[in-house]
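Please examine the sequence and the structure shown below. The paragraphs that follow lead through selected features of the fold and the backbone.

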Amino acid sequence: MLGRALTSVSWGIFADRYGRKPVIIMGTTSVVIFNTLFGLSVNFWMAVITRFLLGSLNGLLGPIKAYAVEIFRDEYQALGLSTVSTAWGIGLIIGPALGGFLAQPAEKYPNLFSKDSLFGRFPYFLPCLAISIFALAVTIATCWLPETLHKHNDNDQSSDDSYDALEAASNESNTKDITEKEEGRESTSKQSLLKNWPLMSSIIVYCVFSLHDMAYTEIFSLWAVSPRKYGGLSYSTEQVGEVLAVSGFSLLVFQMSLYPYVERLLGPVMVSRIGSVLAIPLLQSYPLIAMLSGFTLTLVINCASVLKNVLSVSIITGLFILQNRAVDQHQRGAANGIAMTGMSLFKAVGPAGGGALFSWSEKRLDASFLPGTQMVFFVLNIVEAVGFLLTFEPFLAQHRQ
């Protein structure tokens, strides 16, 4: 996340100048290389450096959001951006699930992997290799991806100018109108993105919800595998993987089928508000869910996980839409780069903060106010509530088309 924060704006500017496709191909290629090296890390600093380089050289999420907007007509942009946020959300779910199933294969599947093999010496190489192979297939497929940043704008502009000049020759009053419109367009194009409040306000709200989502992702796995005496579920990594896999599939179904209609009916801002309001009582019920057992626990925790992830991704998708509507195409890559920079900084804090919060909660099991994991989910809800409050005017401004 730190590496991504340092380079996202530069990748966005690169995508605005040279196209979305080159950045996408370079990003997926970096996953193939550095994710594989991460699985082969021999010490802590090699792991840190490979992750930093992966973040620095993988600037594809911003251009992908710009691509999703540009490849769809206006009425279908919600579907395009919901595809991106769904892919991101599923990645956050399926990634840990893959880790749960494939990590330490020599211990889990001794008949297939011996302790003396490569997978025995590098117990986390198998899930990294699986992801790298998938990324390689995506990289190859991306070579046939059409470019959406049109390079013929200059030619179009020259033909428009010729037409305007012909019209102006016959009608002098039109010349003044055309000149004023061109000057207005020119000043808008040169406007600083940092002074674009509809863009910046949506990015700030996006960062707050990203912090919440990253901390929740960290805490959920820790909470699920922690012992019952600490308020957890005493789940194995395989059981956590199963819950996350179910959530990922359900998320895909919802975002591809229902979200575009909900967004069209309510609008992106209202969807984000409703999602954050519903998530608060849901999260606060997690300590109560930990009191269940057997089939009831399995059913309830799967339903809760599905609902929580659907709400989170719906919120993020709405904010994606606001960000991309706030700028023109020639600024879209840079605008998404700024969003990625802010999000990466907040998400860098999320796992560390979530882990520290969970560790602290285990030391206050006998506290009189919100003991144990109740405090964890209460703090998560505070962040969610802050995000909800920021979705209202005058803070969150919407671009008027």
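**A guided reading of the model**

P394 is located in the segment that follows helix 18 (373-389). In this predicted model, the peptide bond leading from E393 to P394 is cis, and its omega is near 10 degrees.

The chain to which this segment belongs contains 18 helices and 0 strands. Of its 401 residues, 46% are buried. Contacts between residues at least 6 apart in sequence join, in 78% of cases, residues at least 24 apart. The chain exposes about 19800 Å², of which carbon and sulfur atoms supply 67%.

How do two of these helices pack? Two packed helices are described by the angle between their axes and the distance between the axes. For helix 1 (residues 2-18) and helix 17 (residues 329-361), the angle is about 170 degrees and the axes are 7 Å apart. Helix 1 is therefore roughly antiparallel to helix 17, since angles over 145 degrees count as such. The residues of this contact comprise 8 nonpolar, 9 polar and 3 charged.

S234, in the loop between helix 11 (197-225) and helix 12 (237-257), has a phi near 55 degrees, a positive value in a residue other than glycine. L370, in the loop between helix 17 and helix 18, likewise is not a glycine and has a positive phi of about 50 degrees.

Is each of these residues buried or partly exposed? S234 has a relative accessible area of 39% and is partly exposed. L370, at 15%, is buried, because the cut-off for a buried residue is under 20% relative accessible area.

Technical notes: Residues are numbered from 1 along each chain as its sequence is written. This is a predicted model: local features need pLDDT of at least 70, side-chain atom pairs count only at pLDDT 80 or more; totals for chains, interfaces and linings use all residues. Side-chain values use heavy atoms; hydrogens and water are left out. Helices (H or I, at least four residues) and strands (E, at least two) are DSSP runs, numbered from the N terminus. Buried means under 20% relative accessible area, exposed over 50%, partly exposed in between (1.4 Å probe, protein chains only). Contact means heavy atoms within 4.5 Å. Accessible areas come from the Shrake-Rupley method with a 1.4 Å probe; for residues, only the protein chains shown count as cover. Axes are lines fitted to C-alpha atoms, for helices over the stretch in contact, and angles run from 0 to 180 degrees between N-to-C directions. Angles under 35 degrees count as roughly parallel, over 145 as roughly antiparallel, 65 to 115 as roughly perpendicular and the rest as oblique. Ala, Val, Leu, Ile, Met, Phe, Trp, Tyr, Cys and Pro count as nonpolar, Asp, Glu, Lys and Arg as charged, and the others, Gly among them, as polar.
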